[in-house]
Amino acid sequence: MAPASKRPSEITPETLRQLAFDQAIRWSSRNDDIWQVIDNELWQLTHNPSLVLSTVPEQALDELLNRSDCHQLVQDIVQEQRARLERPTWFAGQAHAQTLGRVAYFSMEYMLSEALPIYSGGLGNVAGDQLKAASDLGVPVTAVGMLWQHGYFRQGIGPDGSQQELYPVNDTRQLPIEPLRDATGKPLRLAIHLPGVQIWLRGWQAIVGRNRLLLLDTNDPANPPLARLISSELYGGDNEMRLRQELVLGIGGWRLLEAAGLQPDVLHLNDGHAAFAVLERARSHMVREQVSFAVALGATRAGNLFTTHTPVEAGFDRFPAELVGKYLGRYAKYELGISLQALLAMGRKQPQDPREPFNMAYLATRGAGAVNAVSQLHGHTSRFIFRELFPRWPIDAVPVGHVTNGIHLPTWVSPNAEAHWHELHGDDTPWRGTDKVSVAELLARVDDRWLWQIRQHARSDLLAFVRSHLARSLAVHGASPSEIEMAGTRLHPERLTLGFARRFASYKRPNLLLHDPQRLARILTHTQHPVQLLVAGKAHPADRAGQALLSEWQRFAARADIAGRVVFLEDYDMRIARHLVQGVDVWLNTPRRPWEASGTSGMKVLANGGLNLSQLDGWWAEAYAADLGWAVGDGLEHEPAHDAMDAEQLYRLLEEEIVPAFYTRDADGTPNAWVQRMRRSMSALVERFSADRTVREYTERYYLPLAMAYRERCAEGSARARELARQVTCLRGYWHELAFTRLEWLTAGDRYRVEARLHLGHIEPQQIAVQLFAEPGEIRPLDLVQHDGPFAVFQGELPVTRPAADYTARVVPSADLGLNVPLELALILWQR
Ligand SMILES: *Cc1c(COP(=O)(O)O)cnc(C)c1O
């Protein structure tokens, strides 16, 4: 061990601490090496760099850094990181980048690393991966979330195959976070009101590359015990607890941002849980600008984006009106200056229906400048779910767009695959944000053997992980030494390996593959072409049906004739997910269409050379092509009785296509047809389903335009917002006076001439647009030709391309007003 002759002064234990602290450090798996050198075992078990560091005394750390190999390693990592941060970012090159000061991103959960277990699954995955991608791209995002003391439950599988729910504590001293401090250096504490008491919120921060994640908790000793437990369990507790959590996240979260000195232009709600932030943002604007709540909401909502994640209405958070009254009655009256009824109306389909519960997704929509779903199909589904907020508007006009989710590639690509890509093209691997070379171009340079070796290596790494995970689980549950010794030994690295891991919720149909257990057993235990299957997933503690599905798998895996070819890995989390998606040959997903809004786990296998066998739902419905992977379902929605057909298709694909393709080898043992498919899947899909692409889309289509609209409405003492509020009040108040008195169609040659006569009442002709509408979305404007008191005449001409009866005349608010119609004002009058 040669001591370094001279260590550059900048590499100190503090340098390591900074590296350990960054939640986005895994831009490259090569950065992991340093933690392996320090304490490989602890690193492999926790992937928590700050924990690894905390076990090493200062002096030992100093000695370590004096070792030339370590020193070089840290220096390389630091230099690479610095170079990356100094490189001009994608965002800096955007026109109008200056109009976007900052995006505030709110989410109930974040899946950034194992070191910060404040996530449950898909929603946290989307938030974490997008936050990292935003840092890579230079998009200025500050995220806000909750510091859950127990996070989501941890899963044990008891000896009888049943799920145990375990709640270990997140010790703040061992998490990569630090207290958020105010300008004077004191830890931030914020007050917020619950009925009858004021409670304290504490602020924390985590670093995510160029950006920060601010976290809140209520575990302040000054709080009553019940209040301290608000930030205890993610998705735990009753409906009232959920409401308290959402108040803390939404209202507390916005206050935390402001207390930290931030004034974001855009508020991005990752699902509706944090929708109260819309109210608090408006309240803050009210106070600052001395305007009414209506004006403040009009100004601020222009900068709010709501991303919906649920494909069924039952998935939205809803609260009884009494509960909302109890927690927000005072806030509405004294802070927002509106009645409780007015507040409740924002969360209802029928604003006046006293029986309707308060729906957070409706609040989010009524407080948004734009709404989006998370895949193309989910956009379609969502327009149906939200259509009742836009009564009488055609379905295609329901203002819900979509941005398909993507995953942060550096987080999910295996160290081995990463090393291969690196060898091929140095730092410019396609997911490192340099954009110089595409996956397709890189793949054109390698032969089938090269690609197949990545696969072989990945599968054997995965099995090594599975064996050690199994052995530890068995040991913890008190298995005998021989059982522990035997764990996973019947798995084989040359066998076709399938992976299936997800929440055990009924709609995910985790037991579709078990539809005919005998047939599955035959596929698995085929003598020449055997298959092995790795399964993982948690069932929510309250979901009995999901737990029954889980037990069904336990029983199947335990069957003697299955010969250990099905292994259930307990406690599905980011670590298990990473190993699975890196190692499996085929990733299975069998949700009930259209219940999977997007799904992301299948995207994680792409860059690792895994292939997808999935229901045509969520992202796969838009990604699938016959030469890229395999599809279950016919692209239509069906009743549960149809499951048998899907299962049949699943078995047939495995028996007739997938298994034979895997085992058909050329002279040197490479399955060429399989590798062909890998190439096409990777070339077509890796970049398309990356969080990089997702965040670019969010930025171009939403963040930048929303920031501009928000700033415009706020300018000169919110002049624009005041004017718009006046227009809205006027149009809402007098809309019922509008009526068509006559509509006349004349044909002259190849043109129609149309004349509409209207009674306007108190509405000015400039406030409205009179149009002819024909399905599916053809719109022909009519122009004002005469205006006389409450009467007006509009005329237009259009080509005779379809029967006049196809068209219906209608009136909507004029686009010239600058309102986002119908999102902000859903008025419409049809002539018939
Ligand atoms: C990726 C991931 C998810 C989301 O996967 P789906 O495809 O939406 O089921 C859930 N949990 C973990 C641990 C993950 O890594």
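**Buried residues, cores and aromatic groups in a predicted model**

Leaving out residues up to four places away in sequence, Gln 582 touches Trp 412, Val 413, Ser 414, Pro 415, Arg 455, Ala 458 and Asn 608, where contact means heavy atoms within 4.5 Å. The structure is a predicted model, in which local features need pLDDT of at least 70 and side-chain atom pairs count only at pLDDT 80 or more, while totals for chains, interfaces and linings use all residues. Residues are numbered from 1 along each chain as its sequence is written, and side-chain values use heavy atoms, with hydrogens and water left out. Gln 582 lies in helix H22 (residues 574-583), helices being DSSP runs (H or I) of at least four residues, numbered from the N terminus. With a relative accessible area of 8%, Gln 582 is buried, a term that means under 20% relative accessible area, as against over 50% for exposed and in between for partly exposed (1.4 Å probe, protein chains only).

Trp 412 is also touched by Lys 604, whose contacts, again without residues up to four places away in sequence, are Asn 125, Ile 407, Trp 412 and Val 581. An unreviewed UniProt entry places the feature "modified residue: N6-(pyridoxal phosphate)lysine" at Lys 604; such annotations may be inferred rather than shown by experiment, feature names are shortened, and positions follow the numbering used here. Lys 604 lies in helix H23 (residues 601-604) and counts as buried because its relative accessibility is 5%.

The largest nonpolar core has 127 residues, and those with the most contacts inside it are Phe 106, Leu 213, Leu 269, Phe 276 and Phe 386; a nonpolar core is a set of buried Ala, Val, Leu, Ile, Met, Phe, Trp, Tyr and Cys residues joined through side-chain atoms within 4.5 Å. Helix H27 (residues 691-734) gives the most to this core, with 12 residues. Leaving aside neighbours within four places in sequence, Leu 269 is in contact with residues including Phe 106, Ala 274, Leu 305 and Phe 306. A second, separate core of 94 residues includes Leu 533, Leu 650, Tyr 651 and Val 659.

The structure holds 25 aromatic pairs, counted where ring centres of Phe, Tyr and Trp (its six-membered ring) lie within 6.5 Å, with planes under 30 degrees apart classed as stacked, over 60 as edge-to-face and the rest as tilted. Tyr 105 and Tyr 110 form a tilted pair, 6.4 Å centre to centre with 55 degrees between the planes. Tyr 105 is buried at a relative accessible area of 3%, and Tyr 110 is buried at 1%.

Methods
Helix = DSSP H or I, 4+ residues; strand = E, 2+ residues; numbered from the N terminus.
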